[in-house]
Amino acid sequence: MKCVLKTTVAALLASCVAFSAQAAGPKVPYSQPGIDMRTNEAQQAPIHWVSIEQIKESIKDLPPMAVSFDIDDTVAASSGCFHYGKQKYSPNDYSYLKNQDFWDEINAGCDKYSLPKQVAIDLIKMHQERGDQVYLITGRTAGKDDQVTPIMEKNLGIKNMQPVNFMGGKEHSTKYDKTPAILEHKVQIHYGDSDDDILAAREAGIRGIRILRAANSNYTPFPQAGGYGEEVVVNSSY
């Protein structure tokens, strides 16, 4: 028995020595920059990440409230509509965003092809279970035929759906175009992917929570999520 034990220990030691020798082979220079997990974690900005459950917990003692969401890149991945519009109306610049024909066409049904974001579906479900009223506030310019409202109602499962607030092109006395709608509906939490969403919420004196913009969005340049110290929802790019 002792002989077998000694043989086993000797074999293990030999394998460890062999493994160490194998791991200590010649160092080959890297061909391009890479990462290790310590470096990767050190480079991550110390922003205020928050989960849907944490948001729910933070408002559990509050009565039902009004909450609002931006549309593009917040509740819907709608880059395809804007890519189509740019190619059709102004391939070489962004003047299509000032073209009423573009807004008339896009708002009349293009969002049938926009993918609803799962984070928005989950957030809206959480808020509606509390009895909160959901509003959609967008920087889009209104078109002749609003099909955005019924499409978002269906895709996001919004109850007691209110007409979408189209704030683009409207005159306002505030710094940010979404602030008047936030104030009008007495919103207490506003969700959005853009800097203007967070800044409009702050201008209105309410809680603004950042939703991450999908990496393949054509709405560039990308904002610095968490750059104003605001909460950023985890896993919210999709």
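These legends go with a few close-up views of a predicted model.

Before you zoom in: local features are given where pLDDT is at least 70, side-chain atom pairs count only at pLDDT 80 or more, and totals for chains, interfaces and linings use all residues. Residue numbers run from 1 along each chain as its sequence is written, and side-chain values use heavy atoms, with hydrogens and water left out.

**View A. Strand E2 (residues 66-69) is covered on both faces.** Ala66 and Ser68 sit on one side, Val67 and Phe69 on the other, and all are buried (under 20% relative accessible area with a 1.4 Å probe, protein chains only; exposed is over 50% and partly exposed is in between). Strands here are DSSP runs of at least two E residues, and helices are runs of at least four H or I, numbered from the N terminus. E2 pairs with E5 in the parallel sense over 4 bridges, and Ala66 has Gln133 as its bridge partner there. Pairing takes at least two DSSP bridges between the strands.

**View B. Here's the largest nonpolar core, with 28 residues.** Such a core is a set of buried Ala, Val, Leu, Ile, Met, Phe, Trp, Tyr and Cys residues joined through side-chain atoms within 4.5 Å. Ile55, Phe69 and Leu123 are among the residues with the most contacts inside it. Leu123 touches Ile52, Ile55, Phe69, Tyr191 and Ile211, leaving aside residues up to four places away in sequence (contact means heavy atoms within 4.5 Å).

**View C. Tyr89 and Phe102 form an aromatic pair.** Ring centres of Phe, Tyr and Trp (its six-membered ring) must lie within 6.5 Å to pair; planes under 30 degrees apart are stacked, over 60 edge-to-face and the rest tilted. This pair is edge-to-face, at 6.3 Å centre to centre and 75 degrees between the planes. Tyr89 belongs to helix H4 and Phe102 to helix H5, so the pair ties together parts 13 residues apart in sequence. Tyr89 is partly exposed at 25% relative accessible area, while Phe102 is buried at 0%.

**View D. Arg213 has its charged end over the ring of Tyr219.** The distance to that ring's centre is 3.9 Å. Arg213 also lies over the face of Phe222, 5.6 Å from the ring centre. To count, NZ of Lys or CZ of Arg must be within 6 Å of the ring centre and within 35 degrees of the ring normal.
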